[in-house]
Amino acid sequence: MKQTLKSLLPESMLQTARNAYDAVRRIPQLPDAYFHPWRRESIRRLAALKDVHKGQRAFIIGNGPSLKQTDLTKLKNEFTFGMNRIYLLFPELGFHTTYFCSINDLVIEQFSDDILALPMPKFLAWRSHRHFSKNLQLANIPTFLYTTYTGPRFTPDVRWRLWEGATVTNFALQLAFHMGFEKVILIGVDHNFTSKGDANKTVVSQGDDPNHFSPNYFAKGFKWQLPDLDTSEIGYNFARDAYRKVGREVLDATVGGKLTIFPKVDYNSLF
């Protein structure tokens, strides 16, 4: 039946139907997504962060193996976004990123205590709030953003719903735009994984992790999801176009990275 409809209906009509279905599916989530006390506090914080970094630059740090070939000490006095288990690098660096982002359910479920202990502002997907104690003081909660897997778009104001784009990097790009950064530079976004398989499939690590900067990133026994690089690229295209439209830019300084969406720049030339 689905294939028959696809062959009979124009793509625009199919997209409208998809959007309507997506909106209906989200209805049960909406009250808490906007009116829960934790979300109201998060929206208040996000309002205060709107354009707070206007005209400045930031680095979004992926977790690829290329970080081992990148002199991260240069970032000590830069605005930075770290993601997922980037905190494993902090003892070696002697400093932490300015901000922290995570949206993956498995990451937050397995490492919620680590994340909560981080000293910088933390931005997480709203649905992950269930992994934190209901007794947390309002001042101590992470900032929760209402994200969805469906409804592809780029959201310039992240107080409202944003599409995840299959990677926390797309989440960080929207957050950085909201904060007003003029130039955003990607590093460690290798866009290339040794582990292969169906996109978004949950797997259990069988040994050292070859896909990230540390073999302990997803060490033996940890659960993680295989990447969805195609969907990630859709999100990256949205981000590139959104930044360009307002005279801002995203650059890619990843050493040896396979991503081709953003203009490439030599990392060392930025300092």
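Mentor: Start with a polar contact. In this predicted model, the side chains of Glu 41 and Arg 44 make one, at 2.7 Å.

Trainee: Which residues does Glu 41 touch, leaving out those up to four places away in sequence?

Mentor: With those left out, Glu 41 touches Leu 138 and Ile 141.

Trainee: Does Glu 41 count as buried or exposed?

Mentor: The call rests on relative accessible area, and under 20% is buried. Glu 41 has 13% relative accessibility, so Glu 41 counts as buried.

Trainee: Where is Glu 41 found, and what does that element lie across?

Mentor: Glu 41 is in helix 4, which spans residues 37-49. Helix 4 lies across strand 3 (99-102), strand 4 (122-125) and strand 5. Helix 4 runs at about 95° to strand 5.

Trainee: How many strands form the sheet, and in what order?

Mentor: Read a sheet by strand order and by direction of pairing. Here seven strands form an open sheet, ordered 5-4-3-2-1-8-11, with parallel pairing. Strand 5 (143-145) and strand 11 (249-252) are the edge strands, each pairing on one side only. On average, neighbouring strands of this sheet are turned by 25° against each other, ignoring direction.

Trainee: How many bridges join strand 8 to strand 11?

Mentor: Four bridges join strand 8, residues 183-187, to strand 11, and the two run parallel.

Definitions and conventions:
Residues are numbered from 1 along each chain as its sequence is written. This is a predicted model: local features need pLDDT of at least 70, side-chain atom pairs count only at pLDDT 80 or more; totals for chains, interfaces and linings use all residues. Side-chain values use heavy atoms; hydrogens and water are left out. Two strands pair if DSSP finds at least two bridges between them. Axes are lines fitted to C-alpha atoms, for helices over the stretch in contact, and angles run from 0 to 180 degrees between N-to-C directions. Contact means heavy atoms within 4.5 Å. Buried means under 20% relative accessible area, exposed over 50%, partly exposed in between (1.4 Å probe, protein chains only). A polar contact is a pair of N or O atoms within 3.5 Å; within protein, one must be able to donate a hydrogen and the other to accept it, and residues adjacent in sequence count only if both atoms are side-chain atoms.
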